[in-house]
Amino acid sequence: TVCGTSDVLCEVPQDCDPKYLSIHWPPERNSDKLPVFEIKNRNPEAWSANFTVCISTMFGNYNNVLQTIQSIEMYKLLGAQKVVIYRNNCSTLLEQILQYYIVEGT
């Protein structure tokens, strides 16, 4: 068995409050026997501690956008209120991503 990770982004209508998720790709396949996963991160709870995550220096036109987003989002899920990145040099695209998080307040 070969396993891998994936990020799935689904647009959810405003009047919808999903509780479970199932993923399949072929439309002709029977969807009655698909695994169903409970969505557990929809209602953030108050954290019992305040902490900030510091990430080491970015240099050499660092450009791993996906890893940076995944890391920041995971830290937020784990309760980090702030993420500090020591940025010396990164790509233009990563700079735009970092600017998003600055405006957001992360």
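**Exercise 1.** Find which residue of S4 is the bridge partner of Val 53, and determine in which sense S3 and S4 pair.

*Solution.* In S4, Val 83 is the bridge partner of Val 53, and Met 58 stands opposite Arg 87. Strands S3 (residues 52–58) and S4 (residues 82–87) pair in the parallel sense over five bridges, where pairing requires that DSSP finds at least two bridges between the strands. From S3 the chain passes through helix H1 (residues 65–77) to S4 in a right-handed β-α-β crossover, that is, the path runs clockwise when the strands point away from the viewer.

This is a predicted model, in which local features need pLDDT of at least 70 and side-chain atom pairs count only at pLDDT 80 or more, while totals for chains, interfaces and linings use all residues. Residues are numbered from 1 along each chain as its sequence is written, and side-chain values use heavy atoms, with hydrogens and water left out.

**Exercise 2.** Describe how H1 and H2 pack, giving the angle and the separation of their axes.

*Solution.* The angle is about 20 degrees and the axes lie 10 Å apart, which makes H1 roughly parallel to H2, a term used for angles under 35 degrees. The contact (heavy atoms within 4.5 Å) involves residues including Ile 69 and Ile 72 of H1 and Leu 94 and Ile 97 of H2.

How values were computed:
Helix = DSSP H or I, 4+ residues; strand = E, 2+ residues; numbered from the N terminus. Axes fitted to C-alpha atoms, helices over the stretch in contact; angles between N-to-C directions. Parallel < 35°, antiparallel > 145°, perpendicular 65-115°, else oblique.
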